[in-house]
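Let's take a walk through a protein chain together. Have a look at the model first, then read on.

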Amino acid sequence: MTTRVYPFTAIVGQERLKRALLLNAVDPGLGGVLIRGQRGSGKSTAARALAALLPPIRVVRGCRFHCDPDRPTTWCSECQARAAAGEVFEVDVIPTPFVNLPLAATEERVVGTLDIERALQTGHRHFEPGLLAQANRGVLYIDEVNLLDDHLVDLLLDVAAMGVNYVEREGVSFQHPARFILIGSMNPEEGDLRPQLLDRFALVVQVEGLTDPHQRALVMERHLAFEQDPEGFYAQWRAAEDALRQRLMAARERLARVQHTPEDLLTIAGLTTAYDVEGHRADLVILRAARANAALEGRDAITAKDILLAAELALPHRIQRDPLEPVSFELEDLAAQMEKAQRHARRLRRMDDAAAQIQAKKAPPGPEPKPSR
Ligand SMILES: [Zn+2]
C-alpha cells in the first residue's frame, strides 16, 4: 500500500501555484514550473499532491519505461522489438509516477547506464534505467534545483523539452521516452538559478507565506488532521479530488479544440514587446498556457483573462535582467499593459483587413466585370 499524500484540493490559498501546476497537468508539454519560496512554504507538498491527483496511467506490462500501449509512436526500442516479434501486450494500470530527484544524484543515476562491456560480450545493448525512466509519463520533482549542478539542470531541461532520453557511450546508444512534468523548487535566499536556466522553465511562481490569520489557522487545522489520520482526512477530500481529476481529464480532451484568433496572437506579442522580453519562448508559453487555462475552464476559445493569467506566470522571471535588481512586476501594471496590447492588436487587425480588401480589389479573382450599361 502506498502512503497517502496530502490532497491537492486541501491546499489552502496558493492559487497561482495551484494554477501553474494544473496548467502543466492539462498540457504536459508546456515546460514545467519553478516554485520559488522559503523553506516550509509547502512547495514539495504541492508537487506530490499534483502527482497523486493525476489519473492512473495504462502501461505496457514488463516495460521499464512505462510505455503507453495506445501510442506506438512513443514506444521505447524494447517495446518496438517486442511488438515486431508479434507480441500482443498485456496492460497494467499504475498510479502516475512521482520521482523526487535527490541533490546528490549523479548523471548516471539520472539518465541511466549503458553497460559497454556486456554489449561487447553479448552483442546486445544492456541499459540500466535511471530516474528519467522512472519519471516517464509522471512528475519529476527537484527540490533546491538552484543547488543542483548546472550541467545536470541543463540536461534535465533538455530531456523535458525533447521528451526523449538519449544515452551514448563509445558508439553504443540507447533511447527511451522521457515525458514528464518538471517541477523545480528553490529558496531564492540560497542563491538563484542562472538566467539562462530560469528562462527555460515555462512558468515560475513565487510562493509567499499566507498573511491572513484565518487561512494560517486553516493550514494548521488541516495538516494536523492529515497527520493524525491520513486515510480519514483523504476520505473527506475524495469527492473534491475526483471532481478536479475529472475536470483535468476533460480539459486534456478539449485542449486540441481550443481556438485562438490572430488578434490573440497580436495581443500576446504586444505584451511581450511591451516588457522587452528577449526571444520567443515567452510568447509561445503564454499562448500554450492560455489555451490550457481555457480548456481547464471548459471553454473552446481563449479570452483576455486566459492570456492575463498565463502572462502572470510566464513573464516575471523573463523580465528580470539583473537578479540583484528585481524589476517590479505589478499585476495592475500587467493588466494595463494587457489592455494596451489588446487595443493595439485590434487596430493592427483592422489595418490587416483593410489591406486585404484593397488587395482583393486590385486583383479580382475572376475575369474583369463588363461595364453595365
Ligand atoms: Zn517500452
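Two residues count as in contact if their C-beta atoms, placed from the backbone, lie within 7 Å. Among contacts here between residues at least 6 apart in sequence, 75% join residues at least 24 apart.

A quick word on where this comes from. It's a predicted model: local features need pLDDT of at least 70, side-chain atom pairs count only at pLDDT 80 or more, and totals for chains, interfaces and linings use all residues. Residues are numbered from 1 along each chain as its sequence is written.

Here's the chain at a glance. Helices (H or I, at least four residues) and strands (E, at least two) are DSSP runs, numbered from the N terminus. A residue is buried if 20 or more other C-beta atoms lie within 10 Å of its own, with C-beta atoms placed from the backbone.

| Feature of the protein chain | Value |
|---|---|
| Secondary structure | 14 helices and 11 strands |
| Buried share | 34% of 373 residues |

Now for the inside. A nonpolar core is a set of buried Ala, Val, Leu, Ile, Met, Phe, Trp, Tyr and Cys residues joined through C-beta atoms within 7 Å. The largest one has 91 residues, and Val139 and Leu50 are among those with the most contacts inside it. Helix H12 (residues 281-296) gives this core its largest share, 10 residues. Leaving out residues up to four places away in sequence, Val139 touches Leu50, Phe98 and Ile181, among others.

Over in helix H1, the buried residues include Leu17, Leu21 and Asn24.

Conventions
A residue is buried if 20 or more other C-beta atoms lie within 10 Å of its own, exposed if 12 or fewer, and partly exposed in between; C-beta atoms are placed from the backbone.
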